[in-house]
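Please read the following briefing beside the sequence and the structure.

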Amino acid sequence: MLRDMLAKLENADDVTLYPSGLAAITGAILALTSAGDEVLAVDTIYGPTRRFFEGMLRRFGVTTRYFAPEATADDIAGLLTEKTRLIFLESPGSLTFEIQDVPAIAAMARKAGVLTIIDNSYAAGVLFKPLDHGVDVSVQALTKYVCGHSDAFMGMAAAKGPSVTLLKAAYREVGWMVSPDDAYTAIRGLRTLCTRMAQHAASAQTVATWMQVQPQVRTVLCPALPDDPNHRIWARDFSGINGLVGFEFHPEYADQVEAFLNSLKVFGLGYSWGGFESLAINANPQLKQRVCRDGIETGPLIRLHTGLENVDDLISDLAQAFDGLVVNAESPRTDLQHANAV
Ligand SMILES: Cc1ncc(COP(=O)(O)O)c(C=O)c1O
C-alpha cells in the first residue's frame, strides 16, 4: 500500500523501500552502476552520500567526479566520458539550497544515454516531481517529511522505465526490507503530508523574511526570497519551499556560532529535519568536504529547520539568541577555515 501511495506521489511506475534515506541513496546507486563506471555528482550533496561515493563505491571500482551546483546542462555534457553511467543530483543542494536546472540536465543525460538519480528529500515528492521532468530515479529520505514525526527511519526509490527492473533486482539480491510498523508510520504521515508542508513553508518564509533584516545576518539562504540567486529556477520548477532556511552571520560573529546555538530554547540541536520540531545546526563542518569552492559563501553558516510550533515563538527564540551575542570587533574572521575552527 505504501509503495502504491508513493508511486502516485512521485508519478512513478514502481517504488522500492529501504530502511533509511541513506540506504535508499546507496541502494539506488548500487543497483544502477558496475565496476569501471563513473558517476558525476553535484558538489552540494548530503555529506554521507559523498562518504559512500568516496568509500565503498570507489572500493568497488566506481569513481565519482563532482560539478558545481550552478553547472549548466552544457557544462555537465562537457564532463561526460565513455565511462559515465550516472548523474547524481540533489536540488536544492544540502545546507546551501542551490537549485539545479533538472529538466535540462535530465534531457541532456537521456540523449547521451546516461542515467539520472535525484535526492528529492527536500521536496518530499510534493514540491517537485522529478520523474515528470525526465529524471530516471527519484530518491527520498522518508525519515523526513513523509514520516514527519522524527520517530522512524525509511527511504524510497521511485522510478519510471527500465531503471525499475534494475532497482528491483538489486533489492532482492541485497535483501533490503522495512518493517510493517514503519511502513504504517509512513502511510499515516502521507495522510497529513501536504497540510504539514504548507505550515512548514509558511513559517520558514516568515523566519527567512525576518532574518533578512537582522543586523547580525549577512545572507539568508532560501530560494523563495525574490533576491535569492536560485529564485528563478525554483519559481519555475517548484510549487513551494519546505521548512529549511540557512543564514550566514557577518564575519565578526564567527566565534559566536556555538553561543548562538546553545542559547536557543525552542529550536533543538539536530542534524535531521522534516519532523514536527524546529532544529538548528552549524553547517560549516560539512561545507569543508566540498571540492568546487567557487561561488560558495564561506561565512559562519547555520541551517534552521522551522517546525510546526507557533512561528511567533520561533522568532522570539531566535531574537533572544541574537540579543545575547557579543561582537568580537578585534578579530574579524572571514574565511571558512576560521569559521570551522570555531
Ligand atoms: C538530503 C538528505 N538526503 C538523505 C538523508 C538521509 O536520510 P536518513 O537519515 O533517513 O538516512 C538526509 C538526512 O539528513 C538528507 O538531509
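**Cysteines and burial**

Cys147 is buried, with a relative accessible area of 1%, where buried means under 20% relative accessible area, exposed means over 50%, and partly exposed lies in between, computed with a 1.4 Å probe and protein chains only. This is a predicted model, in which local features need pLDDT of at least 70 and side-chain atom pairs count only at pLDDT 80 or more, whereas totals for chains, interfaces and linings use all residues. Residues are numbered from 1 along each chain as its sequence is written, and side-chain values use heavy atoms, with hydrogens and water left out.

- The closest cysteine sulfur to that of Cys147 belongs to Cys194 and is 15 Å away, which is too far for a bond.
- The structure holds zero disulfides, a disulfide being counted as a pair of cysteine sulfur atoms within 2.5 Å.
- Cys292 is buried as well, with a relative accessible area of 17%.

**Overall form of the chain**

- The secondary structure of the protein chain comes to 12 helices and 12 strands; these are DSSP runs numbered from the N terminus, with helices (H or I) of at least four residues and strands (E) of at least two.
- For 342 residues, a compact globule would have a radius of gyration near 20 Å, and the protein chain agrees with this because its own value is 20 Å; the radius is taken over C-alpha atoms, and the globule rule is 2.2 Å times the number of residues to the power 0.38.
- Taken along the principal axes, the box filled by the C-alpha atoms of the protein chain is roughly 60 × 45 × 35 Å.
- Of the 342 residues in the protein chain, 58% are buried.
- Among contacts between residues at least 6 apart in sequence, 74% join residues at least 24 apart, a contact meaning heavy atoms within 4.5 Å.

**Surface and charge**

- The protein chain exposes about 14,000 Å², of which carbon and sulfur atoms supply 54%; accessible areas come from the Shrake-Rupley method with a 1.4 Å probe, and for residues only the protein chains shown count as cover.

**Backbone features in loops**

- Ser91 and Pro92 are joined by a cis peptide bond, with omega about 0°, and Pro92 is placed in the loop between strand S4 (84-90) and helix H5 (102-112).
- Leu95 also has its place in the loop between S4 and H5; phi of Leu95 is near 75°, a positive value in a residue other than glycine, and Leu95 is buried, with a relative accessible area of 5%.
- Asn11, in the loop between helix H1 (2-10) and strand S1 (14-18), has a positive phi of about 55° although it is not a glycine, and with a relative accessible area of 33% Asn11 is partly exposed.

**Residues in helices**

- Phe52 belongs to helix H3 (residues 47-59) and is buried, with a relative accessible area of 10%; leaving aside residues up to four places away in sequence, Phe52 touches Thr26, Ile29, Leu30, Leu57 and Arg58.
- Between Phe52 and Ala24 there are 12 Å in space, C-alpha to C-alpha, and the two are 28 residues apart in sequence.
- Asn262 sits in helix H9 (residues 257-263) and is exposed, with a relative accessible area of 59%; Asn262 and Ala321 are 8.5 Å apart, C-alpha to C-alpha, and 59 residues apart in sequence.
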